[in-house]
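Welcome! Have a look at the sequence and the model, and then let's walk through them together.

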Amino acid sequence: MDETVDPNLNKKARFTHLDDFKWQEVRRQQHGDRTASVREKWMEFSDKYLSLYAEWDAGMVVRPHGHNSNHVVFVLDGDMMCGDIHCPAGTHIALDKGDTFGPFIAGPDGVKLFEVMMGDPRSFPANREDYEKLLVDKGIVPLPNPPIDMPTWLKDTRNN
């Protein structure tokens with residue numbers, strides 16, 4: 001052990017590991033004979049921010065939307081499209097509170113993301129008609145949102 005390290009330096013830091021968290025399936029779609037999903041591990045969830053690790057199945061389509069907070073997305077592995085912008089591993093996307101982006105389409109190998117939302121992480125839809133047309137064009141059927149374990153102080157608004 002290094003004797004020069006201040007013993008008080010990390011007392012308030014919170015250290016966790018991805019393996020300590022359970023998967024939450026947050027979105028689901030029918031793609032022909034297979035189901036595609038978005039799964040997340042919420043590593044820190046408070047009224048200040050949400051940090052999460054996400055895995056999207058190949059071809060998963062997420063509607064254009066915005067968030068009630070600033071939002072950062074970092075592509076760790078795989079790739080996706082955000083509208084007409086290709087987002088390979090290493091892509092950083094920053095979105096200000098109230099702005100919108102998407103639709104997102106996971107690449108052929110899916111995509112893994114790290115995301116942080118600073119404040120209320122709930123989203124709101126944008127461009128519903130274009131999104132619904134995209135799903136029809138791709139033969140994708142949206143399925144009901146799976147139940148999730150939201151904090152008691154925050155209402156699940158995904159079906160609104």
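Here are some questions and answers for a first visit.

This is a predicted model, with residues numbered from 1 along each chain as its sequence is written. Local features need pLDDT of at least 70, side-chain atom pairs count only at pLDDT 80 or more, totals for chains, interfaces and linings use all residues, and side-chain values use heavy atoms, leaving out hydrogens and water.

Q: What pattern does the protein chain follow along the sequence?
A: Helices (H or I, at least four residues) and strands (E, at least two) are DSSP runs, numbered from the N terminus. The protein chain has one helix and ten strands. Read in order, the pattern is β-β-β-β-β-β-β-β-β-α-β.

Q: What percentage of the protein chain's residues count as buried?
A: Buried means under 20% relative accessible area, exposed over 50%, and partly exposed in between, using a 1.4 Å probe and protein chains only. The C-alpha atoms fill a box of roughly 65 × 35 × 30 Å along the principal axes. Of the 160 residues, the buried share is 39%.

Q: Which residue in strand 2 is the bridge partner of Arg27?
A: Arg27 sits in strand 1 (residues 24–31). Two strands pair if DSSP finds at least two bridges between them, and strands 1 and 2 pair in the antiparallel sense over seven bridges. They form a hairpin with two residues between them, where Gly32 in the turn has a positive phi of about 65°. Across in strand 2, the bridge partner of Arg27 is Val38.

Q: Which residue in strand 10 is the bridge partner of His31?
A: Strand 1 also pairs with strand 10 (residues 140–142), in the antiparallel sense and over three bridges. In strand 10, the partner of His31 is Ile140.

Q: How far away is the nearest side chain of opposite charge to Arg27?
A: Lys and Arg count as positive and Asp and Glu as negative, while His and the chain ends are not counted. A salt bridge is a side-chain nitrogen of Lys or Arg within 4 Å of a carboxyl oxygen of Asp or Glu. Arg27 is buried yet has no salt bridge. The nearest side chain of opposite charge is that of Asp156, at 7.3 Å.

Q: Is Thr35 buried, exposed or partly exposed, and why?
A: Thr35 belongs to strand 2, and a polar contact of 3.2 Å joins its side chain to that of Gln30. Because its relative accessible area is 39%, Thr35 is partly exposed.

Technical notes. A polar contact is a pair of N or O atoms within 3.5 Å; within protein, one must be able to donate a hydrogen and the other to accept it, and residues adjacent in sequence count only if both atoms are side-chain atoms.
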